[in-house]
Every structure is written in C-alpha cells, then in structure tokens.
Amino acid sequence: MTCKVIVGGFYGDEGKGKIIAYLSIKDKPQIAVRGGVGANAGHTFVYNDETFKVRMLPSAVLNPETKLLIGAGVLVTPNILIDEARKYNAEKRTVIDNQCGIIDNVHIRRDMEDAHLKKIVGTTGSGTGPANADRAFRILNLAKNVNDLKNYLGNVSDIVNESIDKNHSVILEGTQGTFLSLYHGDYPFVTSKDVTASGICSDIGIGPKKVDDVILVFKAYVTRVGSGPLENEITVDEARKLGWIEYGSVTGRQRRSSPFNMELAKKSVMINSATQIAVTKLDVVFPECKGLKEFSKLPVEAKNFIEKIEDNLGVKVVLIGTGAEINEIIDRRIEK
Ligand code: IMP
Ligand code: MG
C-alpha cells in the first residue's frame, strides 16, 4: 500500500482529475485528501459518458468506499463544498480540517474588483488570493467557526497520518500546476500559494518521508489560462487546427497553448522529486491512440513521444491518457 501525491507539472489543467478518478477506482484508496489552493481549481473527469466536476472535494468521489478529506492549508468555500458533498452522496465520508480557511463573498468581490488581480494577474476571481492574504494577516475565519460546516469538521492531519501508519492506500491530490506556484512560478502571474508536491504535503500535514510516490502529471501539450509567459505559444487558429483549444472549467476562459516543453518538464521533475509521470490527452496529439489501453499498440510516433519524455526526464511514464473517459488509459505500473 502506498501514499502517493499527484501534482500538476505545468500550469494546471493537466488532467489531474482524470488520473485521480482512475486511481480511485483502480487502486481503491481508503483515503483521498485534497491539498492546494481552493475552489479556483476545477477537476473534471468523465465516467460512463457522464462528465463530473469538483472544485472542493477530491476527484476520488466516484468510489463510495473512499474517505474524502480536505487539508488545513486549503481554502473552503462553504456553499460549493456542501453542494458537492450532497451531489456525490458524500456527506458521511467528507472531512474538512478544523483549520481550513473560509472564503466568503467579500473575498470573491475583492478578487473580481481589484485592478491588479483582475487585469494584471488574470485570476479566476474565486476569492482565493484575498482570503490567503487575510490568512497571512491572521484575520481569516476558519472552518471550526462556521456552523454550516460542523458536521464535516475533523483533524485531517491526524486521520491521514494514522491511515498511512496502518499501511492504507492514500492519495494526496494537488491543484493547479508547478509553474503557478507562488514561489516557483512566473511571479506575479501565479496563484496565491506554493502548489508543488512539498506544498501539497504541507497543506495536508504530511512530512516528506511519508510519501512513497510523487506522480507528476503533464498534458501532451501545454496550456495556460490567464496572463504570464508561455514559451512557443501558438495562435488560436493553429490551436484550433490541432484540436488543442480548451476552455477553463471554473471561468470558461479560452486557454492559451504551446507544444510540450521539455525544459519546463525537467525543472518540474526536479522541484517535485517526481518518481512517476502521467501524460494525458495523448489522443489529442496522436488521434490514432484514442481509447487504446496497451502501450504496445500505440503508433510508433506516439511511442517515440513517450520514450523521448522518459529519456529526457529519467522518470518512467506510468499512466497515459488516451481519451476523456477515466478508463481510456494505459496503466504501465505493472509492466516489467
Ligand atoms: P488565482 O489562483 O485565481 O488567484 O489565479 C492566479 C493565476 O492562476 C491565474 O493565471 C489563473 O488563471 C491561474 N489558475 C488558478 N487556478 C487555476 C487552475 O486550476 N487551472 C489553471 N489555471 C489556474
Ligand atoms: Mg482545471
């Protein structure tokens, strides 16, 4: 049994939701815990032709046996959390840490109306930056003081550490991506926290030696939403021809795109100490891959693409997404 942390390798929207949803069904974890910023992230996955999206709960919601936790470093927007817990019939298996910070309407308004945040940084407007600023001021309200949340409260770091000590299978879910990190990204075009693997563990209250695997998720091309540098960015027309046009799942904004960036990927592997890599949307770049489940069946260009990533990064690509459905995946963890 292992404790795995799953984080984004580029600028978010790499498909962490799909990977975690798959692992939650395949590996049957006892616990999935969300770290990261808060409801500025939207994790999407498709199962039996139905599209699901979560902004607060871990993407393991489809496995009714998995406990769903939210770490103390994560900001909670109460109405979004409560709606998702009801929608996924997860009210009895959701625990949020007593010390999660709370986003209220004032934070959302500040995020939407602040000229720097809105026009320069291009935030998602979900209130996370202003709430984290209030947390640094030590004036932010915490979950333990919110009556509507009282049935969900608990001590998440205790629960997760005990579970790891019992050798349970535990998934730690990151949000956003490495280059949106407040410390390691392209400041000021970043989110309001560190979102690398260490940051995610810190959000949850897990020490670095408790993690067995760091799965770094890359998409087969790069996208970025909002402002900030994007090397080798292609035009909207080119992106449309390639089928790379995407829209943000929280804001609906059109994402910018560029080809896979090996140099960024190398840096990301280093900062996160990745032990395994997942590559999503291989079928978008190589349409003949759609729905394939075995590496040996991939067309040669797609195999070369994956092998080049492994050769350059020195880390095995263990999961390869070949379609939107969570079962459209190549799982090489068992290959010799
Ligand atoms: P904020 O996190 O809403 O403050 O936004 C800061 C920057 O991070 C903006 O460029 C956002 O577009 C970007 N961002 C925040 N969350 C996500 C995400 O989940 N996916 C992609 N970009 C994000
Ligand atoms: Mg997203």
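Me: Is Asp27 buried, exposed or partly exposed?

Reply: Asp27 counts as partly exposed, because its relative accessibility is 22%. Buried means under 20% relative accessible area, exposed means over 50%, and partly exposed lies in between (1.4 Å probe, protein chains only). Please note that this is a predicted model, in which local features need pLDDT of at least 70 and side-chain atom pairs count only at pLDDT 80 or more, while totals for chains, interfaces and linings use all residues. Residues are numbered from 1 along each chain as its sequence is written, chains are lettered from A and ligands numbered from 1 in the order in which they are written, and side-chain values use heavy atoms, with hydrogens and water left out.

Me: Which residue forms a salt bridge with Asp27?

Reply: Lys4 does, with the closest N and O atoms 3.3 Å apart. A salt bridge is a side-chain nitrogen of Lys or Arg within 4 Å of a carboxyl oxygen of Asp or Glu. This one joins distant parts of the chain, since Asp27 is in the loop between α1 and β2, whereas Lys4 is in strand β1, 23 residues apart. Helices (H or I, at least four residues) and strands (E, at least two) are DSSP runs, numbered from the N terminus. Lys4 counts as buried, with a relative accessibility of 6%.

Me: How many salt bridges are there by this rule?

Reply: The count comes to 19 salt bridges. One of them brings together the side chains of Arg86 and Glu91, at 3.7 Å from N to O. Arg86 counts as exposed at 52% relative accessibility, and Glu91 as partly exposed at 36%.

Me: Which residues are linked in a network of salt bridges?

Reply: The network links Asp13, Lys219, Glu246, Arg255 and Lys281.

Me: Asp13, then. What does Asp13 coordinate, together with Gly42?

Reply: Asp13 (OD) and Gly42 (O) coordinate the magnesium ion (ligand 2), at 2.2 to 2.6 Å. Donors are N, O and S atoms within 2.8 Å of the metal (3.2 Å for Na, K and Ca); water is not among the atoms, so sites may look incomplete.

Me: Where in the chain do Asp13 and Gly42 lie?

Reply: Asp13 is in the loop between β1 (3–8) and α1 (16–26), and Gly42 is in the loop between β2 (31–34) and β3 (43–47), 29 residues apart. Asp13 is partly exposed, at a relative accessible area of 24%, while Gly42 counts as buried at 13% relative accessibility.

Me: New topic: α7. Why is α7 described as largely enclosed?

Reply: The reason is that 6 of the 8 residues of α7 are buried, so the rest of the structure largely encloses the helix. Those buried residues are Ala197, Gly199, Ile200, Cys201, Asp203 and Ile204.

Me: What covers the buried residues of α7?

Reply: The cover includes β1, β2, α6 (156–165), β10, β11 (213–219) and α9, where contact means heavy atoms within 4.5 Å. Just after the helix, Gly205 takes a positive phi of about 95 degrees.

Me: Which residue meets Asp203 in a salt bridge?

Reply: The side chain of Lys193 does, at 2.9 Å from N to O. Asp203 counts as buried at 7% relative accessibility, and Lys193 is buried with a relative accessible area of 11%.

Me: On to the rings. How many aromatic pairs does the structure hold?

Reply: The structure holds 9 aromatic pairs. Rings of Phe, Tyr and Trp (its six-membered ring) pair if their centres lie within 6.5 Å; planes under 30 degrees apart count as stacked, over 60 as edge-to-face and the rest as tilted. Phe10 and Phe260 form an edge-to-face pair, 5.3 Å centre to centre with 75 degrees between the planes. Both residues, Phe10 and Phe260, are buried.

Me: Which cluster do ring pairs make?

Reply: Ring pairs link Phe10, Phe218, Phe260, Phe286 and Phe305 into a cluster.

Me: Finally, which residues touch the most other members of the largest nonpolar core?

Reply: Of its 55 residues, these are Val33, Val160, Leu172, Phe218, Leu282 and Phe305. A nonpolar core is a set of buried Ala, Val, Leu, Ile, Met, Phe, Trp, Tyr and Cys residues joined through side-chain atoms within 4.5 Å.
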